[in-house]
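Here is a friendly walk through a structure, meant to be read with the model open beside you.

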Amino acid sequence: MAWPSTTTPASLRTLVLVVVGALLCAAGAGGCAPRTPAGGAGGDRATGTLRVWLFREVDNAPKAAVVDEAVAAFERAHRGVRAEVTHIPVETRAQRIKAAFNDPRSAPDVVEYGNTDTAGYVRDGGLADLTADLAAWDDARALDPAAKRSVTVDGKLYGAPLLVGVRALYYRTDVFRELGLKPPATLDELAATARRVHAARPGLYGLAVGGAYTYAALPFVWAHGGDVAERKGRSYEATVDDPAARRGIAAYTSLFGDHNCPASRCARMTGNETVQAFASGKAAMAIAGDFSHQAMENGKVKGAYAVVPLPGTREGRIAPAFAGGNNLGVLRSSTHRTLAVDLLKSLAGKRTQARLFDAMGFLPAFTDVRAEAARKRPFVEPFVRTLASGARSVPVTPAWAAIDAGQVLPTLLQEVVSGRADVDAATAGAARKMNAAFRKNGLRS
Amino acid sequence: MGGTGGKGGTPWLHLAPALVVLGGLLVYPVYELGLISFLEYTQAQVSGGEPTSFQGLGNYRALFTDARFGQVLLTTVVFAAACVVATLAVGCALAVLLTRIRALPRLALTLAALGAWATPAITGSTVWVFLFDPDFGPVDKALSRLGLSGFDGYAWTYDRYSAFALVLLEIVWCSFPFVMVTVYAGIRAIPGEVLEAAALDGASQWRIWRDVMAPMLRPVLVVVTIQSVIWDFKVFTQIYVMTNGGGIAGQNLTLNVYAYQKAFASSQYGLGSAIGVVMLLILLAVTLGYLRLLRRQGEEI
């Protein structure tokens with residue numbers, strides 16, 4: 001291998017040229033800046049083919065059957081219109097949807113998306129404002145307020161909720177019976193129960209908790225009267241270092257340790273890993289969603305568990321849960337706008353949501369449909385009760401994507417749990433990082 | 001450039017195809033990287049939600065005022081250096097071993113090394129995490145059965161240094177085969193008489209390596225060292241998979257994982273490009289410094 005001796009200065013010179021060129025170029029008219037598409041709105045054709053992207057679930061056939069039925073009814077009602085449904089893999093949905101924003105020609109008209117992505121997609125210019133289109137939609141009146149907030153950015157609607165997901169407390173009925181325990185009625189009782197189980201059964205985590213499981217920590221913060229951030233004018237300000245939020249963080253992090261869930265194992269655990277721990281019989285309690293039901297049924301704990309709402313700080317209260325779920329939206333680039341909204345109303349309407357619950361167990365976003373579902377299947381009752389008592393969400397701002405990706409909350413929890421920082425120092429650090437993200441993303445939002 | 005004199009466009013004509021390919025594949029992406037690092041360029045700009053705006057050194061300022069960046073940079077340099085030294089030591093030692101053993105064990109060793117080499121990083125990382133799992137992993141069980149009771153249920157990824165040690169082991173395991181095979185080929189090219197003469201003069205194995213083989217293998221070692229430096233500096237998969245994306249409270253973050261968390265996962269491509277440019281400059285400086293050091297020692301390379 002020979003390295004020509006002229007390599008050194010030549011490549012350096014090239015590099016300098018490139019950097020200088022980039023500076024000049026960017027400072028100038030921007031004629032050589034990376035391409036930004038015009039991103040204009042599409043059109044409103046009355047015939048042709050509509051494209052729909054939905055998430056592919058683990059066992060997708062029943063979902064596809066319900067969707068196909070709704071689509072067939074839509075096609076019968078609209079002559080000369082076809083709808084093509086693609087079920088996209090959940091893991092790569094972010095890339096697929098971003099690519100769709102970049103290339104309107106291959107983009108779908110109607111798309112399913114996770115409800116924490118709403119603000120980001122709106123800022124990216126990908127979703128159409130449907131406020132006027134949905135104003136006269138009868139079904140919308142029964143929408144759960146938390147679900148409605150998850151499609152709302154700055155007072156405008158950018159879609160309709162398709163399903164909601166919420167977490168509650170799973171516990172082992174056999175273990176509780178043998179130890180003479182009752183499901184806890186307050187968060188303090190929850191901690192005490194977890195200790196007693198772990199003391200009596202050292203092989204079990206009392207309550208499986210995870211240092212990377214943000215959605216389990218948030219209810220503790222909310223139950224203690226705190227929040228991670230609050231709205232200030234057009235932006236947000238971190239409140240995770242307020243006394244109330246600190247009490248919540250202290251309550252959650254006190255569950256880590258040799259008395260319940262050793263930090264050396266649990267500090268790194270994610271939500272999925274705590275669900276796995278419970279499903280495989282390694283934990284007496286876990287905070288898990290209605291959507292984790294199947295994982296439990298497939299695990300060792302089948303037939304030996306029950307669910308109650310996660311209790312609040314006082315008896316009779318329910319800790320506010322994180323309102324997860326998916327929405328349907330119409331892309332701004334859609335060339336069949338009116339038809340796309342019609343199809344969206346049909347797919348996210350009461351009838352389809354009721355059928356999706358029967359087929360897939362997805363919790364409906366309409367309160368009346370949900371009450372009916374709880375009557376039909378008692379398993380979802382604690383989840384419906386949790387939602388009825390008021391679920392909450394994270395700030396609806398594109399800054400949250402940066403805070404989430406930057407692992408700000410997991411780092412906060414892990415710093416406390418591993419003894420690197422106390423609650424005050426760790427929450428102060430997290431608040432600093434969150435405020436930096438809010439400032440950066442608040443400039444033009 | 002000698003002979004053809006002043007108006008010789010012919011050499012450039014002959015070089016043109018290579019230059020076009022080089023320019024397209026190398027210079028243009030680097031140019032785009034540098035350009036984007038001076039812009040506010042997020043998903044909103046890519047998909048046309050907002051206009052692109054010039055930020056000057058804004059992205060670089062954001063980077064260098066982040067206290068975390070300095071720590072991560074230092075960690076990355078130290079960790080990459082440790083990986084390079086360990087990989088080269090293991091690779092060279094096994095290459096020498098290959099020349100000293102019979103055909104059958106040599107075949108076995110080569111196959112084992114090729115197996116490690118062929119394993120995708122993500123598979124290797126997952127398997128290693130499983131081997132060292134505190135609940136189900138055979139390593140903890142074997143160690144505690146050997147009487148080291150402290151390792152019963154030991155969580156390797158909880159402590160910062162044991163987590164790094166675990167990742168280092170995996171990286172050495174999957175990258176030593178390249179060093180071993182390349183150096184082995186180099187040793188095979190050394191004339192047998194030279195080694196025989198050294199042995200006749202009574203030189204020890206270590207002395208033969210240091211004073212005979214290593215100097216003759218220098219060009220090969222230069223290549224494998226630079227390759228290792230670049231690979232280990234850019235390590236992503238192993239850290240991301242084995243420490244759950246950077247370890248407890250980010251204790252095991254390296255530059256690439258940091259860039260992913262800080263920038264790419266939230267589509268802040270401008271900031272991510274700035275990190276890329278910094279990495280490029282560091283790698284360029286390390287490589288050029290290393291070559292210059294060798295040249296000063298009078299080596300023709």
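In chain B, residues 24 or more positions apart account for 68% of the contacts with a separation of 6 or more; two residues are in contact if their C-beta atoms, placed from the backbone, lie within 7 Å. This is a predicted model, in which local features need pLDDT of at least 70 and side-chain atom pairs count only at pLDDT 80 or more, while totals for chains, interfaces and linings use all residues. Residues are numbered from 1 along each chain as its sequence is written, and chains are lettered from A and ligands numbered from 1 in the order in which they are written.

**Chain B**

The secondary structure of chain B consists of 14 helices and two strands. Helices (H or I, at least four residues) and strands (E, at least two) are DSSP runs, numbered from the N terminus. The C-alpha trace of chain B spans about 70 × 70 × 30 Å along its principal axes. Of its 301 residues, 35% count as buried. A residue is buried if 20 or more other C-beta atoms lie within 10 Å of its own, exposed if 12 or fewer, and partly exposed in between, with C-beta atoms placed from the backbone.

Helix α8 of chain B holds Ala165(B). Ala165(B) is partly exposed because it has 13 other C-beta atoms within 10 Å. Its C-alpha atom is separated by 9.5 Å from that of Phe79(B), 86 residues apart from it along the chain.

**Two helix pairs**

Two packed helices are described by the angle between their axes and the distance between the axes. Here the axes are lines fitted to C-alpha atoms, for helices over the stretch in contact, and angles run from 0 to 180 degrees between N-to-C directions. One pair from each chain is set out below.

| Helix pair | Axis separation | Angle |
|---|---|---|
| α1 (residues 10-36) and α14 (residues 269-296) of chain B | within 7 Å | roughly 120° |
| α9 (residues 214-223) and α10 (residues 243-253) of chain A | 7 Å | about 135° |

That makes α9(A) oblique to α10(A), and α1(B) and α14(B) are therefore oblique to each other too. Angles under 35 degrees count as roughly parallel, over 145 as roughly antiparallel, 65 to 115 as roughly perpendicular and the rest as oblique.

The crossing of α1(B) and α14(B) is left-handed, whereas α9(A) passes α10(A) in a right-handed crossing. A crossing is left-handed if the near helix is turned anticlockwise from the far one by less than a right angle, and right-handed if clockwise.

Which residues of α9(A) and α10(A) meet? Ala217(A), Phe220(A), Val221(A) and Ala223(A) of α9(A) meet Ala245(A), Gly248(A), Ile249(A), Ala251(A) and Tyr252(A) of α10(A).

**Chain A and its domains**

Chain A has 20 helices and 13 strands, and buried residues make up 50% of its 445 residues. Among its contacts between residues at least 6 apart in sequence, 74% join residues at least 24 apart.

Chain A is divided into domain 1 (48-165 + 323-388) and domain 2 (167-321 + 396-442); the bounds come from an automatic or database domain assignment. The C-alpha centres of these two domains lie 29 Å apart. Where they meet, 17 residues of domain 1 are in contact with 15 residues of domain 2. On the domain 1 side, α4 (118-123) and α17 (381-388) each supply at least two of the residues that touch domain 2.

Helix α14 (residues 337-347) of chain A is largely enclosed by the rest of the structure, because eight of its eleven residues are buried. Among them are Arg337(A), Lys345(A) and Leu344(A).

Two loop residues deserve a look. Asp154(A), in the loop between β4 (152-153) and β5 (156-157) of chain A, has a positive phi of about 50° although it is not a glycine. Gln407(A), in the loop between α18 (399-405) and α19 (408-417) of chain A, also is not a glycine and has a positive phi of about 55°. Is each one buried or exposed? Asp154(A) counts as exposed, with 11 C-beta neighbours inside 10 Å, while Gln407(A) counts as buried, with 23.

**The nonpolar core**

The largest nonpolar core has 188 residues, and Tyr170(A), Leu207(A), Phe278(A) and Ala286(A) are among those with the most contacts inside it. Such a core is a set of buried Ala, Val, Leu, Ile, Met, Phe, Trp, Tyr and Cys residues joined through C-beta atoms within 7 Å. Helix α8 (residues 160-188) of chain B gives the most to this core, with twelve residues.
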